[in-house]
Amino acid sequence: MNFMDMLRYLLIGSGNDAANALAEYVAGSNEAFAELMCFAIRRKRA
């Protein structure tokens, strides 16, 4: 494990925290991210 990995682990303590941080970064909120993912799935099915 390098320094940056350790720093990331300190900032984001769990997989759930990481998922929430990613959702907020990508879409602004967890709810908006869920809507975005649902839209992407519907679009692939069409």
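Author: Methionine 6 is found in helix 1, which covers residues 3-11, where a helix is a DSSP run of H or I with at least four residues, a strand is a run of E with at least two, and both are numbered from the N terminus. This is a predicted model, in which local features need pLDDT of at least 70, side-chain atom pairs count only at pLDDT 80 or more, and totals for chains, interfaces and linings use all residues. Residues are numbered from 1 along each chain as its sequence is written, and side-chain values use heavy atoms, with hydrogens and water left out.

Reader: Why is methionine 6 called partly exposed?

Author: Its relative accessibility is 38%, and buried means under 20% relative accessible area, exposed over 50% and partly exposed in between, with a 1.4 Å probe and protein chains only. Methionine 6 therefore counts as partly exposed.

Reader: What makes tyrosine 9 exposed or buried?

Author: Tyrosine 9, which lies in helix 1, has a relative accessible area of 56%, so it is exposed. The C-alpha atoms of tyrosine 9 and phenylalanine 39 are separated by 31 Å, while the two residues are 30 apart along the chain.

Reader: Where is serine 14 placed, and why is it called partly exposed?

Author: Serine 14 sits in the loop between helix 1 and helix 2, the latter covering 15-27. Its relative accessible area is 33%, so serine 14 is partly exposed.

Reader: How do you know where confidence is lowest and where it is highest?

Author: The comparison rests on pLDDT, the predictor's confidence in each residue from 0 to 100. Confidence is lowest in helix 1, at a mean of 78, and highest in helix 3 (residues 30-45), at 95. For the protein the average pLDDT is 87, and 100% of the residues score at least 70.
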